[in-house]
Amino acid sequence: MTAEISTADSDSIDDGVDRVEQAWARERPDIDVSSVGIVTRIWRIARHLERERVERLAELGTDRVTLDVLAMLRRAGKPYRMTAGRLSEAALITPGGISNRLDKLERSGLVKRSFHPKDRRRVDVQLTRKGVKLVDEVVSDIMDHESRLLEILAGDDQAELRRLLKILLAQFEDPAVGLETD
């Protein structure tokens with residue numbers, strides 16, 4: 001378990017980003033380089049978290065593509081069904097791309113596809129029991145694993161970071177639109 005670091009303690013920590021920011025401030029005192037301390041840290045943290053997730057998913061015998069589709073279906077609620085078109089839109093991939101993913105998932109017994117009874121152009125995708133079991137196990141494990149990664153931050157600091165990141169993200173995304181992947 002990693003020791004918590006409070007906001008007060010963080011001022012005494014020096015990292016590589018501090019050195020980059022200091023070097024730019026020294027070399028270009030005419031420009032504001034303070035964004036380096038935020039943007040570069042977010043970028044580096046995202047890379048570390050992505051690596052952690054990819055490794056953890058591999059340990060669990062799955063991958064990001066599988067989890068994305070299964071998680072979208074699971075979050076849809078019972079009967080864990082969506083149209084292939086909606087999955088394609090939500091995952092921001094082409095209909096051909098989603099079709100390839102669904103072929104693999106169907107062969108694995110994780111989803112089943114069926115034509116809509118009133119519109120044969122519409123394909124419904126539904127999680128199987130095996131798919132529900134897998135996604136529930138993987139999501140539970142991933143959430144536990146990622147919570148442990150954040151334990152370095154005290155609870156109040158986690159809440160404040162969540163609040164600040166939400167403000168920052170809102171300038172890039174419509175907060176009224178839900179994130180369709182995990």
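Predicted model: local features only at pLDDT ≥ 70, side-chain atom pairs only at ≥ 80, totals over all residues.
Which residues does Asp 18 touch, not counting residues up to four places away in sequence? The contacts of Asp 18 on that basis are Ile 13 and Arg 41.

**Overall composition**

The chain contains eight helices and three strands. Read from the N terminus, the order of elements is α-α-α-α-β-α-α-β-β-α-α. The chain has 182 residues, of which 25% count as buried. Its accessible surface is about 12600 Å², and carbon and sulfur atoms account for 56% of that area. When contacts are limited to residues at least 6 apart in sequence, 54% of them join residues at least 24 apart.

**Helix pairs**

Two packed helices are described by the angle between their axes and the distance between the axes.

| Pair | Residue ranges | Angle | Axis distance |
|---|---|---|---|
| H2 and H3 | 16-27 and 36-59 | about 145° | 9 Å |
| H3 and H7 | 36-59 and 129-150 | roughly 140° | within 11 Å |

The crossing of H2 and H3 is right-handed, and the crossing of H3 and H7 is right-handed too.

Between H2 and H3, the H2 side of the contact is made by Gly 16, Val 17, Asp 18, Val 20 and Glu 21, which meet Val 36, Gly 37, Thr 40, Arg 41 and Arg 44 of H3. Asp 18, a residue of H2, counts as buried because its relative accessibility is 17%, and the cut-off for buried is under 20%.

The contact between H3 and H7 involves another set of H3 residues: Leu 49, Glu 52, Arg 53, Arg 56 and Leu 57. Their partners in H7 are Val 138, Asp 141, Ile 142, His 145, Glu 146 and Leu 149.

**Helix H6**

H6 covers residues 95-107 and has 13 residues. From its first C-alpha to its last, H6 reaches 18 Å, close to the 18 Å expected at 1.5 Å a residue. Ile 98, Leu 102 and Leu 105 of H6 are buried. These three lie on the same side of H6 because they cover an arc of only 60° around the axis. Asn 100 and Arg 107, on the other side of H6, are exposed.

**The loop between H4 and E1**

Most residues other than glycine have a negative phi, and most peptide bonds are trans. Two features of the loop between H4 and E1 can be read against that background. Lys 78 and Pro 79 are joined by a cis peptide bond, with omega about 10°. Pro 79 is found in the loop between H4 and strand E1 (81-83).

Tyr 80 lies in that loop as well. The phi of Tyr 80 is near 60°, a positive value in a residue other than glycine. Is Tyr 80 buried or exposed? Tyr 80 counts as buried because its relative accessibility is 12%, with the limit for buried set at under 20%.

How values were computed: Residues numbered from 1 in each chain as written. Heavy atoms only, no water. Helix = DSSP H or I, 4+ residues; strand = E, 2+ residues; numbered from the N terminus. Expected span 1.5 Å × (residues − 1). Buried < 20%, exposed > 50% of the residue type's maximum accessible area, 1.4 Å probe, protein only. Arc of directions from axis to C-beta. Contact = heavy atoms within 4.5 Å. Areas by Shrake-Rupley, 256 points an atom, 1.4 Å probe, with all protein chains shown as cover. Axes fitted to C-alpha atoms, helices over the stretch in contact; angles between N-to-C directions. Left-handed = near helix turned anticlockwise from the far one by under 90°.
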